[in-house]
Structures are given as C-alpha cells and as structure tokens.
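Here are my notes on the model you sent over. Have the structure open while you read, and we'll take it point by point.

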Amino acid sequence: MHRVRTVLNNLVPLAPLIHNAVGPEGFASWLLRSGNASCTVMVSSTRHYNAPVQTEPFLNGSSSAYVEEMYNAWLADPKSVHVSWDSFFRNSTAGAAPGQAYQPPPSLAAPGRNQVPVTSIAPYLGGSGAPALGGQINEKVIDDHLAVQAIIRSYQIRGHHIAKLDPLGISSADLDDKHPPELLYSHYSFDEADMDRVFKLPSTTFIGGKEKALSLREILRRLETAYCRHIGCEFMFINSLEQCNWIRQKLESPGIMEMDHDEKRLILARLTRATGFESFLARKWSSEKRFGLEGCEILIPAMKQVIDKSTELGVESIVMGMPHRGRLNVLANVCRKPLEQIFTQFAALEAADDGSGDVKYHLGTYIERLNRVTNKNIRLAVVANPSHLEAVDPVVQGKTRAEQFYRGDGEGKKVMSLLLHGDAAFCGQGIVYETFHLSDLPDYTTHGTVHIVVNNQIGFTTDPRHSRSSPYCTDVARVVNAPIFHVNSDDPESVMHVCKIAAEWRATFHKDVVIDIVCYRRNGHNEIDEPMFTQPLMYRKIKNTPHVLDKYAEKLIQEGVVTPEEVKDVKEKYEKICEESYVNARKETHIKYKDWLDSPWSGFFEGKDPLKVSPTGVKEDTLVHIGKRMSSPPPNAAEFIIHKGIERILKSRMEMVEARVVDWALGEAMAFGSLLKEGIHVRLSGQDVERGTFSHRHHVLHHQTVDKATYRPLCHMYPDQGPYTVCNSSLSEFGVVGFELGYSMTNPNALVCWEAQFGDFNNTAQCIIDQFISSGQAKWVRQSGLVMLLPHALEGMGPEHSSARLERFLQMSSDDPDYFPPESEEFAVRQLHDINWIVANCSTPANYFHILRRQIALPFRKPLILMTPKSLLRHPEARSSFDLMTENTEFLRVIPEEGAATENPSGVKKLLFCSGKVYYDLKKARNEKKLEKDIAIARVEQISPFPYDLVKKECAKYPNAALCWAQEEAKNQGSWTYVQPRFNTTLNGSRDVSYAGRPTAASPATGSKMQHLRELTALLDDAMAV
C-alpha cells in the first residue's frame, strides 16, 4: 500500500477534491472522477502486464498493487499494457465522467433474443444523428424505445377492448366502455411532435414486415389496424412464446388480410345462399318456429371457411354440434342436405319408420360429399341434440375421439370437431367448462376443437350484463389457453380471416380455439316472439340496420369486384333452386327419420336376424387363460416391482382360477378379455376405474420404484386381440357420460362402459341420461350400447353413498306395465328389441359376465343400466363356478330358488322375490331362522324389461306360497313401484304380492349406523314372517 500512497500523493494536485482521501476508496474515486490535468511519474523499470487476473474486489491488497504497477507501466510506455488499460488511463486523464473511463469494444457475438445493441438504435434518435464513438446515449432515447415496446405489448394484450366489434354500434362486447389508458400514446410522455420519430421494432411484433423500424405514427396505425378494427384477439395469456408469436404474425403482418376477387365473390355467393334460405323459409312458413339465422348469416360462410381450410390441411371428417339457432341453414348450406328433406319437415306428414321423432331444429344428419373448393371428399356429421343447450358438446367430443381411434388418427389430423355455441349458454352452462377440461386429457383429447360462438348479445330476453360476470361470454375458454378471436359479423372479410387462422391454429398446435362472432338476432328468440317488450332500443336499431349481404354487395360493387347484375343473378339462381325443391317436397307423403341419422352403422344390421342372439358362454380354456394372465405379474419383467398388497390379490386370483371359480373382478376381466379375443374394442372410463373405487379391479399395475411405469394385463391377452382402453376420467359426470355416449355411437362393435365412483353421483349427469340415453333411439333412431356401471346398495354409508336411484331408471323404462307380451321362443330378445334400455341388478359374477357379453351378442344395441355391488365384491358367497360361464350357458334373467325349498314346492309358505345384494342378507336371515324349507327366494336379475314369463313360472311352482317383494331401498324408491303393477299383470290379479322393506323416505338412506342396522333387522324380520 506504501507505493499506492506514493502514487496517490504524486497525483494529489490532479484531484484536489480528494486531498484528504487515503486508501483504496480515495484512489478509486479519483480513477472515476479524474480531471484533465496530466503529470509524469518517473519509474525505474518497465514490465508488460497482459495476463488476466482473477476478478476480485477493487483495490484489495493484491489488486491495488496490480493497478499501481499497471499505471506506472502505462506512464512509461502506453503500449506495454493491454489496450483496455491503455483506453482506461487515456480516458481518465482526458477527463472522462465517472464510470465512463473504460468503454468495452463492440462484441462480435449476435445479440441475445429481445436484446438490441445500443448502436443499432443510433439512426433512430429523432434527428440528433449518431453519437460520436465513445460518446453517451441519451437516456430519453432508450426510455422512448422502451415506451414503444410497451405500447406494442399493450395493443397485443388490451387492443381487443377497444375493437369495433358490435355491428349495431350500441355497446362494447366486453361490457366496458372505458378506454384502457395504456393504449393512448400520451400515456407514455409522447406528444404530436414525436409522431414522426422513427423507432426500431422489437422482435415481438410483425407489424413492420420486412422493415426493421417505423415512425411512431405508422406503428400506431398498424397496431390499430391489427387489433382494434373489427377483430379483437385475446391470446397474450397463452404461456407459450411460440404460440403467441404465431398469432402475432397472422394478425400483424402487413397485407395479411388482403383477398383476391375470386375469394370475395365466393364469400358473396355463400352469404347470398345463407340469407336466401332464411328469407325463403320466412315467406313460405311465416308462422313456424325455425330458429333462423337472421342477423348472423355470416355463420354459414364462416363454417365453410373453417371446413375448406381444414380439408386443405388434411382433415377428412368433421363432427359438429350446435344449438337450434341456424341449424336448418347449416344442414342446407354447410352439409348440403337435400332441401326437399328439410322442407318436408315443415309439412305435417306421417313418419315412414319407427320412433317418436323430434322437432326439425334438433335433428342431426350425416353427409359424405365432395368439397368443391379443395376437390377432396369430406364427411360431415351434425349430432342430434335436445333443447338443453351445450349438452351435446361432450357427445360430439366422444364421437370425434372414437372416429379418430378407429381410423388410427392418433394426432387428430384426419378427424376434428366443430362446436357452435350461443353467447348466453357458453358462459352460463357448466358443461362447457367440463368439456374444455377434457380437451387435453390423454384418453379424452380430440386434439383441438374449433368453437364458434354466435354472439347475439342477448340470451332469450336477458341482457349480457345480467347473464354473466365476466367481460366476455368466451372467458371460460381461457382456462385451457385457447386463443379467442372476437370479430364483427358485419365485416365478412375479417370473419373469413379469423376462421382461416382458427383452422390453421388447430392444424398446427392441435389445441382448442374460439371464434366469437359478435352479431345480433333480427327476430325474437324465435320467429313468433316479440323482442320489443324487453329490448326496445336494441330492436329499433336492428330494424334500421341493413342486412350484411346488402352491405357487402354494395362494398364489392364499389370496389369493382362484381356488378349489380351479378349480385341479382346469384340471388335469383338460389331462389330458383329453393322453389324447385319446394315443389318436389310437396309431392312427398311421408317423412323418414332415418334420413336424419347422425351415426349410421354401415353393414351392422344388414343380413342379421334381428331376433337372434349370439351365445355368451365361452370355452373353459379361454377362461383359464384370461384368469391366469390377470393373476400374473408382467411376463419377462422380473424387475417390475409390484405392491405387496397387489401380490396378495394376484395370488388369491390364481387360487380362484385353480378352483374354477371367479369373484366379481375376475368375472368382469373374463367378460372383457373374451370380447377382446373376438376383436371387440373394450373401453372402461370413469373416476378411479383403473384401480376401482373399492380397490378390487387393478387393471393397471404400477411399478413401485419407477414413476409412470405401468402394466395393463388385459392389453396383453392375445397377439391379435381387440384394443383395451381403461382410463381414469376427470372428476366430472355430466361431461364424461356425454363423452362415452358419443364414443358408443360411433362403432357398434365396441363395449363402452362408464362407471360411477358411487351410483349416487350419476344424477349429476341426469341431463345426458334423460335427453340422450333413455330417449335417443325414439327421438333420433340412433342406437347406443353404452353400459353404465352404478355401485348401489344400502350398507350404512349414508345418504350419498347408498343409492344409484334405481327407481328413476325404471320409471323411464318404456315397457307397458299392463301388457304381458305373447310367450314365444324369442320372448326375451323381443322384449329387449322393443324397450328403450335394459336395467339390471346382478347378484353373481357369472351373470355379470354374461350380461356384459350379451351387449355385443345382441343383433342391435341398447343402453345397459347396471346396479353393481360394493360389499359383494369380496363376499365369500358372491362367487361363480366356471360351469356357469362356459359354452351353452347364458344370462339368467331370473335366478330361481335352488335350495331345500325346491324339494317340496307345495309346502313352501312364502316366495320372496328380490334383486341384487339384499339376496345375501335374506339368505343369511333364513338360515339363522331355519326356514330353508318354508321360504323360497328368487332373484330378479334383469328388472327391466320385466321377465313376465319367468316370474309367472316361478310363482306357478309354489302354488301355496304367499308372494312378497323384498328390497333394501325405501318403499317409494328401488324397484317396488315398477314391479308391483307388473306382478299384477303377470298373475292377472289372481294372487297378491306384499312388500317387505324400508318405509317411504325422503332421503335414500340414514346417516346413522345404528339406525341403519335397526332398519335392516326390521326389513329381514318382515321378510321372514311366515
């Protein structure tokens, strides 16, 4: 330090401000604040210091000596030190400002992403010219460039708030009329004088095209054009820079929206057809409800644009779901359904085929046709739906997923879904949220859906400000990072541009995308509704608003794209087509429901005896093979570590196979495995189904030390087997039941099962059950073999873990309680053919095995509602021998008494009928009371359709017995109200049937264990009374 002080003392005259300073701080201060004076210090020797030294605090013990020697060496010979030191000492003595003595040389490395070299903005300093080398950059210049970046980002994030989206010009689509201040240039300390300054553009915008810099005026103009005209885009919440940049490029690139004359003429022609169709229907059937598209006719060209672009990108099949508004127009002009078939729906004609039918604006269709724009074949299906808005969404997704699966389209490149929504329903119905949450799940994704919202800005009579709390009706889509494009329906070219982007987005990223067409409803909720009662100002404005067709035609005439004669000619041509079809439709005498089928099964029904059921028993070798596979760890995988509890389960399964018996889980596995052997696809879906709610199934084994390493035994049964899918679903019933229903509609040669966590929770999906499953075939001639597995039994677990509400399914069964069908060989299958669904409550694994296999063995498809057990899964008596599952065995609709009571039927005092788990309780009570010879117990396994023939036979077997129906459910629940009138019909009123069970109750079960046991004892005492 002595030498440093010596140097410092020599330099004190140059730094009068620090004459009292000593030590490193004083010296460093001087180095940063040195004046212009110079001096010479004599040194005795010259040394060269070019070697780098390790970075350390400035002027500690070693570095201060280093600096002193370096300075002395520089004084003697400036070339003896590194150029950086030469530069530093030279600038210090020249009077450089603090911190400016050393300027690093320019880097030859390319700047990092979103970095701009300071020198590169030199040309954009607002006329001040480039700074001299080594000079300072004005801080305001940097601040202004940062402000421009902030403005650009603000437009990208918030520009949609001030876009002109409402074609009526009444309100903001986001329900907020305020102008975000960050979209005003004055917010950033800019004024009019700055407008012509040139700024370098950041890499996060594409407004410049090939230009790297633009004036502020031009930057603002281009941002306004991209984000604030008739397209408002929400996308900056997406957490992927690649996806955000992709959208920016599609919206910001100069000239991106330009169209040639042919494209404009195509929009005009499609708009003419959409408008012409509605006006034709309005003229011919002025007082009919048809839920027309007036006010949003642009939907038809929009859908066709999405379809055209998607087919161009490789899509071959599109599954569509939509509400009633505009449905007939979509069927006519998008699907090109023959107009005659649509017009006959307005005539009150008889149906030529079975079913009760549905109103015309609920019907679906399936069309295969040539897309004239891309010259490729395209399949279009519109799924039939009820008035329950949005309920069809998951059904469409399930049908789409199934089509993708059977085509081997693992990435969704060939099949896609297109969902239409209304604004009020899109934000109001929870099923929309449930469906969005299926969109990225591995076993439920359809690899991107295009959603189009027909935003009437009104729901029936309710204003948006009273129907949603979010700014936009589309905000629900943000939960899955779907970009949302809001667009003004009266700007057809903007709508087309957005539809093109949406189709390309889906093809590129395979994720959901939303198009929000902000429009209006020219009529009321339907054509005979008066909207002026509730929206007088809005409808006064609508009455004075010209049709979009007229506006667009006028625009194209002014541009010289078409002539007024051409516009008129296109209108008249379509009018003529409609008139010809109308004349032909009037010649029709019947309507055909099958013309409106949305999921035809080509080749399934042809050449089949409609009343012949294939056998459901299988060879014993098959049972043994499946049983052993289900009882073994992964073959050839000694390192696959299985949980000790699973090892015990596998061991007990193997013991059962060797003893030729099955429990519930093994019986199910054998049903699935034997169907897989026949090439049938089996899909089991629902909450926790891989393991099973009650830890009995274990269809997916997990490696205990390797994450995500699993083994699925049923996928490795046979080399050429059908595929097996078992998948845990999201915690949703409505969405997932709808999805599996859609899946089951696609291919009849698949067993699709949905299992509830507890049967009690199925009522969350009541809408799908009521509107689709129970009535779908009657309304839409559409069959489904969906199996609903509903754990059901009163076991003291409280009111929400006891009942699958069996009574509701039975109440919706369509068989006549007062009609005993003619007895014949085909009695059982004819009953199944004529009913809307099958409701069963099996008590043995063998019967469960057969009823699952019968779903595929039937020559038609019916939904199966199956009450499944809980405690019976491990009940030692709830087991079945292989003898009940091998060839020449079948499903037993009624299991008769097989014990001591059969030895002397005439001496039997009481015949109990029951269903499901309660049989084991009754049997135990009978044994305890030693009443085996006095009481016979028959199990009704298939409750609906009611087995009249077998019940009649069983009653006849015990002529002197009192008849009783026993159930564990309350009297107003369970099967009693369904079976009581059917017993009367079976016995023709000759014998009474009494009831044994719990009394009527509002709740399905008690929450008290003590009360539960008391009720069970009373039930059993009642049943055993002779």
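Is Leu 1013 buried, partly exposed or exposed?

1. Start with the answer: Leu 1013 is partly exposed, because its relative accessible area is 43% (buried means under 20%, exposed over 50%, partly exposed in between, with a 1.4 Å probe and protein chains only). This leucine sits in helix H32.

2. Some ground rules. The model is predicted, so local features need pLDDT of at least 70 and side-chain atom pairs count only at pLDDT 80 or more, while totals for chains, interfaces and linings use all residues. Residues are numbered from 1 along each chain as its sequence is written, and side-chain values use heavy atoms, with hydrogens and water left out.

3. The overall picture: the chain has 32 helices and 28 strands (DSSP runs numbered from the N terminus; helices are H or I with at least four residues, strands are E with at least two). Of its 1026 residues, 56% are buried. Looking at contacts (heavy atoms within 4.5 Å) between residues at least 6 apart in sequence, 80% join residues at least 24 apart.

4. The largest nonpolar core has 168 residues, a core being a set of buried Ala, Val, Leu, Ile, Met, Phe, Trp, Tyr and Cys residues joined through side-chain atoms within 4.5 Å. Those touching the most other members are Leu 299, Ile 342, Phe 343, Ile 452, Ile 515 and Ile 517. Helix H16 (residues 492–509) supplies the largest share of this core, eight residues. A separate core of 50 residues includes Leu 675, Val 700, Leu 751 and Ala 846.

5. Ile 517 deserves a click. Neighbours within four places in sequence aside, its contacts include Cys 296, Ile 298, Leu 299, Ala 302, Ile 452 and Val 495.

6. Next, some strand pairing (at least two DSSP bridges between two strands). Strand E7 (residues 376–382) pairs in the parallel sense with strand E4 (residues 317–321) over four bridges; Val 319 has Ala 381 as its partner. Strand E6 (residues 365–371) runs antiparallel to E7, with seven bridges, and Leu 370 is partnered by Asn 377. E6 and E7 make a hairpin with four residues between them, where Asn 375 in the turn has a positive phi of about 60 degrees.

7. Last, an open sheet of five strands with mixed pairing, in the order E23-E25-E24-E27-E28. Its edge strands are E23 (894–895) and E28 (993–998), each pairing on one side only. Strands E24 (residues 910–914) and E27 (residues 962–970) run parallel, joined by four bridges, with Lys 910 partnered by Ala 962.
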